[in-house]
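My notes follow the order in which I looked things up.

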Amino acid sequence: ILICAHYDHIGYGGKYSRNPFKNQIHKGADDNASGVAVLIEIADRLSNIKTKNYNYIFIALTGHETGLYGSTYFAQNPTVNLQKIKFILNLDMLGRLDNENPNILYYISGKSIFSVIENKYTNEFNFIKLKYLLGDHSIFESDNIPVVALSTGVHEDYHTVNDIPELINYKGMIKITDFLYEILLENEK
């Protein structure tokens, strides 16, 4: 099972910024420090379980914002046989869960343990299934590898200098991490 999140952002912004004339650091707290933080926490939790039916590969990718270069490189130069990957879980922008309207956008391609996602956790999250979502997972779809991509969605601070740590819902990120960890543990049964 491959779990990935991109760690790059847009630096001082430039043409990728929604504030193209602000020459300031775009911190990218949600896009995508939040996804990387969840990836690291899941890796830590999974390292503590005794029985594993699957091997887990955790990848922090770069080159996402300028063209999915990190995921493309891995797909073209894999360290494992890609056909042995059960599914890919892509974590991108998980830091802005709304407490009153806890939407989680998700995209599924192919069969995976996440196909039951809507039924089991509807009391905690409002799951919104997307027909398509561009991201690092997209590179692997041409190899017919099942993918799951999760996000709390785009917001007004996306690709601006206002995507800052003070606006992250850390308790919401913990809820999402708990949910993902539980789903992965169910897969271990």
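**Fold.** I began with the elements and found five helices and six strands in the protein chain. Helices here are DSSP runs of H or I with at least four residues, strands are runs of E with at least two, and both are numbered from the N terminus. Starting at the N terminus, I read the order as β-α-β-α-β-β-α-β-α-β-α. The radius of gyration is 16 Å, close to the 16 Å of the globule rule for 189 residues, so the protein chain is as compact as a globular protein of that length. That radius is taken over C-alpha atoms, and the rule is 2.2 Å times the number of residues to the power 0.38.

**Ground rules.** I am working with a predicted model, where local features need pLDDT of at least 70 and side-chain atom pairs count only at pLDDT 80 or more, while totals for chains, interfaces and linings use all residues. Residues are numbered from 1 along each chain as its sequence is written, and side-chain values use heavy atoms, with hydrogens and water left out.

**Whole chain.** I noted a box of roughly 50 × 40 × 35 Å for the C-alpha atoms, taken along the principal axes. Of the 189 residues, 51% count as buried; buried means under 20% relative accessible area, exposed over 50% and partly exposed in between, with a 1.4 Å probe and protein chains only. I then checked contacts (heavy atoms within 4.5 Å). Among those between residues at least 6 apart in sequence, 80% join residues at least 24 apart.

**Cores.** Which residues have the most contacts inside the largest nonpolar core? I found Ile-3, Leu-91, Leu-150 and Leu-180, in a core of 32 residues. Such a core is a set of buried Ala, Val, Leu, Ile, Met, Phe, Trp, Tyr and Cys residues joined through side-chain atoms within 4.5 Å. The elements giving two or more residues to it are β1 (2-6), α1 (29-46), β3 (88-91), β4 (103-109), β6 (147-151) and α5 (170-188). Helix α5 supplies the largest share, seven residues. I also logged a second, separate core of 14 residues, which includes Cys-4, Phe-74, Ala-75 and Phe-140.

**His-64.** I found His-64 in the loop between β2 (57-61) and α2. Is His-64 buried or exposed? Its relative accessibility is 12%, so His-64 counts as buried. Leaving aside neighbours within four places in sequence, I listed its contacts as His-6, Asp-8, Asp-92, Gly-135 and Asp-136.

As background, most residues other than glycine have a negative phi, and most peptide bonds are trans. I noted a cis peptide bond from Asp-31 to Asn-32, with omega near 10 degrees, and Asn-32 lies in helix α1.

Asn-144 is not a glycine, yet I read a positive phi of about 60 degrees for it. Asn-144 is in the loop between α4 (138-141) and β6, and it is exposed at 68% relative accessible area. I then looked at Gln-83, in the loop between α2 (69-76) and β3. Gln-83 counts as exposed at 55% relative accessibility. Gln-83 and Asn-144 are 61 residues apart in sequence, but 8.3 Å apart in space, C-alpha to C-alpha.

His-159 also has a positive phi, about 55 degrees, and is not a glycine. I placed His-159 in the loop between β6 and α5, where it is buried with a relative accessible area of 6%.
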